[in-house]
Amino acid sequence: MSVRRIWASLSTLTLAAVAAFGMAGTAVAADSAAAGGYVALGDSYSSGVGAGDYLPDSGDCRRSANAYPQLWAAASSPTSFAFVACSGATTSSVASGQLGALDASTALVSVTAGGNDVGFADVMQDCVLGSEATCISSVDAAIAKMNNSLPGSLDSLYAGIRAGAPSAQVVVLGYPRFYQLSGSCIAGLTEAERAAINNASDVLNGVLAKRAADAGFTFSSVVDEFTGHELCSGDAWLHSVTVPVYNSYHPTVAGQSGGYLPAFRSVL
C-alpha cells in the first residue's frame, strides 16, 4: 500500500465530515475605530474555528476567545462589540443572518466570506481522498465559481454591509495559502495538488480584493503573515487533517494571533 493510500485511509473518516470553511475608503486610525462600534462578520476564519476556547453561547458557530476579532476588541476597547461571525457561513448567510448587528453607529466592520461559496471544504476532501486528477479537477471547478458566480455574491453582500453601516470602515480579510511547496511533508498530497490549492487561494484572494476595492472597502491579505507557517513548513499555523474534524484546514491559536490579527491591525 502506498504512503498516499495509507494517509488517505487514515483520513477517510475524518474528512467525510470535515467542517465547512468554517478561505473602505481611507483607512482610519485604530483609536478612531475603537471610538465607535465594531462588528465582526464572516465565516469560520473570523469566528476562530481551530483556535479553541469557544464561547459558550456561540454553539455551532464556534466563536473563539482566541479569534482575531475578540483579540482586537479586548486590546482596543471599542464603544461596542458584536461578534457574529459563524462557522460555515456563506456570503448569503452572512447577508441574511449577520447584518442585523450593524447600525449607523458602527465605525468598523471586519469580514471573511467566499470560501464556502466555492466549496473549499469539498475541494480539500476530494484532494485528500481522491486521485491527483480528481483533486485538480475539483480545484478548477472552484476557480470557475470564483470567477463566475462569486463576484456577484460578494457585491450583494458588500452592498448590504454598506447599507447597514453607512459610515464604517469595512475590512475584508483574505485567506492564507495552505502549503509551503517543497516543504517538510513526506506524505499526503502531491506537489502538483498543493500548488493547485495554493493557486486557488491566490485566485480567491484576487477576487476578494477586486470586489472590496470596487465597494470602497479595505482588503487585507494574510498571505505574508502566514508565509513560513503554512502546512509542510515545520511551523504550521494551520491544522491539517485533525480531530475534531471541524478544525481541519483552519488557523490555530498562533494563526489567529500571529496571522489574522496583525493583518487586521495593519490597515487600521
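This is a predicted model: local features need pLDDT of at least 70, side-chain atom pairs count only at pLDDT 80 or more; totals for chains, interfaces and linings use all residues.

Are C127 and C135 buried or exposed? I looked, and C127 is buried, as is C135.

Entry 1: I found 3 disulfides in the structure. Numbering the bonded cysteines in sequence order, I get the pairing 1-2, 3-4, 5-6.

**Entry 2: C127 and C135.** The sulfur atoms of C127 and C135 sit 2.0 Å apart, and the two form a disulfide. I read a torsion of about 80 degrees about their S-S bond, so this one is right-handed.

**Entry 3: C61 and C86.** The torsion about the S-S bond of C61 and C86 is about -80 degrees, so I logged the disulfide as left-handed. On accessibility, C61 has a relative accessible area of 17% and is buried. C86 comes out at 18%, which also counts as buried; the cut-off I'm using for that is under 20%.

**Entry 4: C185 and C232.** Here too I have a disulfide, with the sulfur atoms of C185 and C232 2.0 Å apart. The link is left-handed, with -100 degrees about the S-S bond. I placed C185 in the loop between β4 (169–173) and α9 (191–215), and C232 in the loop between α10 (223–226) and α11 (253–265), so the pair ties together parts 47 residues apart in sequence. Which of the two is buried, I wondered: C232 is, at a relative accessible area of 6%. C185 is partly exposed, and I have its relative accessible area down as 33%.

**Entry 5: α6 and α9.** Last, I checked how these helices pack. α6 (residues 120–129) and α9 have their axes 11 Å apart, at an angle of about 175 degrees. That makes α6 roughly antiparallel to α9, since anything over 145 gets that label. Which residues of α6 and α9 make the contact? I listed F120, M124 and C127 from α6, and E193, I197, A200 and S201 from α9. Sorted by class, the contact has 5 nonpolar, 1 polar and 1 charged residues.

Key:
Residues are numbered from 1 along each chain as its sequence is written. Side-chain values use heavy atoms; hydrogens and water are left out. A disulfide is a pair of cysteine sulfur atoms within 2.5 Å. Buried means under 20% relative accessible area, exposed over 50%, partly exposed in between (1.4 Å probe, protein chains only). Helices (H or I, at least four residues) and strands (E, at least two) are DSSP runs, numbered from the N terminus. Axes are lines fitted to C-alpha atoms, for helices over the stretch in contact, and angles run from 0 to 180 degrees between N-to-C directions. Angles under 35 degrees count as roughly parallel, over 145 as roughly antiparallel, 65 to 115 as roughly perpendicular and the rest as oblique. Contact means heavy atoms within 4.5 Å. Ala, Val, Leu, Ile, Met, Phe, Trp, Tyr, Cys and Pro count as nonpolar, Asp, Glu, Lys and Arg as charged, and the others, Gly among them, as polar.
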